[in-house]
Amino acid sequence: MHFKELQLNKPILRALAEKKYDNPTLVQERAIPLILAKHDVIASAQTGTGKTAAYALPILQLLFDKQDAAKKGRKIKSLIICPTRELAIQIEENFKSYSTHTKLKTGVVFGGASIEPQKQLLKKGVDILIATPGRLLDLHKQDFVNLSQIETLVLDEADLMLDMGFIDDVKKIERLCTKEKQVLLFSATMPHKVTELAKSILKDPKKVAVAPNSSASDTVHQVLYYTPKPNKIELCLHLLRRKIEGNILIFRRTKYGVEKLESSLLKNNFKASSLHGDKSQSDRQTALNQFKKGETNILIATDVAARGIDINDLDVVLNFDLPNIPETYVHRIGRTGRAGKTGIAYSLCAADEKKYVASIQRLILQDIPVEDEHPYPLDPSAKPQVHKKQGSKHRKGRKSEASKKKKKRWY
């Protein structure tokens, strides 16, 4: 199928041609006609399947005929909600690229950056707004955002938004929009809480499922290394020196783990950068740009920071810490081996992560090949470490300083 067959107008087709996009991906082929027909849509699609264009192109098409209608200032007609700053910026770039031959205006607002320029942007008016939930509600409280004219509401990476605790914010935003709006929900995975949210805000939705959550791509070669947890960094260094080459995305579970591994790699003269939620927006954007430009070839990130980031030509995914949710493993390794290319996914497994491997293998319906030939093997009889809580009688009954602090929230 060609994009022309999806009934898109000439300005959009011209923009796609300039980007050398000829044929729609499967999620685009299935979702675009449904969205153009004004159906609510719930779509399950992994990162890298072209899901942003799957909703961006029909939204631009639907707004195109109205682009000259607003003579007294632009009103926000389409609202895209996503969980992270990087994803918001990426979505904005896509919308601007696809709408380059139209008069439609796109803007983005997110936390972790000065709010004043975003206020000025909204004063000038935009047709399409991309936003993270917290910043959008902050701007709404200050009367800089009017959602009364919303025609299409998109919830992108819905599973991650709910994992990050945004469910109440998402519901509040949905209620602030008009009842007649079209709602599009896109999610990499479809856990129960996402399904329940969809039932509560979508009206008779059409379903699109692409790259089922249980499928591991045939273009990705998987390798599993069992090793004691204290030896993971040494094994990682060993693999980077002797086996792993190219552009590498390494996943760690925590921000502290990201920082620790980055420090070790830099000390060993590797070109590495990192992403996590405690970094400033400018630092995160710098790290990502360095990786994309080839100034570094290793990017270390948490799942939250890496979700939705579009990285071309990724050769290797390294699961330094295995995820406790098996669908997350499929999502991670699916970042390599795209566009007809092959990729490799390495996973380091300590004794207490064996249960995660079992869950992953049940989901993907295959055993991950194990590599035993390395300097830091795990004793087959090794048992998971039990971490005992330490305390003293002087602290008994007291709250820790950490528990007294208000939990930090980033968006």
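A buried glutamate and the aromatic rings

Mentor: Leaving aside its neighbours within four places in sequence, E262 is in contact (heavy atoms within 4.5 Å) with A272, S273, S274, K279 and I300. This is a predicted model, in which local features need pLDDT of at least 70 and side-chain atom pairs count only at pLDDT 80 or more, while totals for chains, interfaces and linings use all residues. Residues are numbered from 1 along each chain as its sequence is written, and side-chain values use heavy atoms, with hydrogens and water left out. E262 belongs to helix α11, residues 255-267, a helix being a DSSP run of H or I of at least four residues, numbered from the N terminus. With a relative accessible area of 11%, E262 is buried, a word that means under 20%, against over 50% for exposed and partly exposed in between, using a 1.4 Å probe and protein chains only. The side chain of E262 also makes a polar contact of 2.8 Å with that of S274; such a contact is a pair of N or O atoms within 3.5 Å, where within protein one must be able to donate a hydrogen and the other to accept it, and residues adjacent in sequence count only if both atoms are side-chain atoms.

Turning to the aromatic rings, there are three aromatic pairs, counted when the centres of Phe, Tyr or Trp rings (for Trp, the six-membered ring) lie within 6.5 Å, with planes under 30 degrees apart called stacked, over 60 edge-to-face and the rest tilted. Y55 and F95 make a tilted pair, 6.3 Å centre to centre with 40° between the planes. This pair links distant parts of the chain, as Y55 is in helix α3 (residues 51-64) and F95 in helix α4 (residues 85-98), 40 residues apart.

Key: Helices (H or I, at least four residues) and strands (E, at least two) are DSSP runs, numbered from the N terminus.
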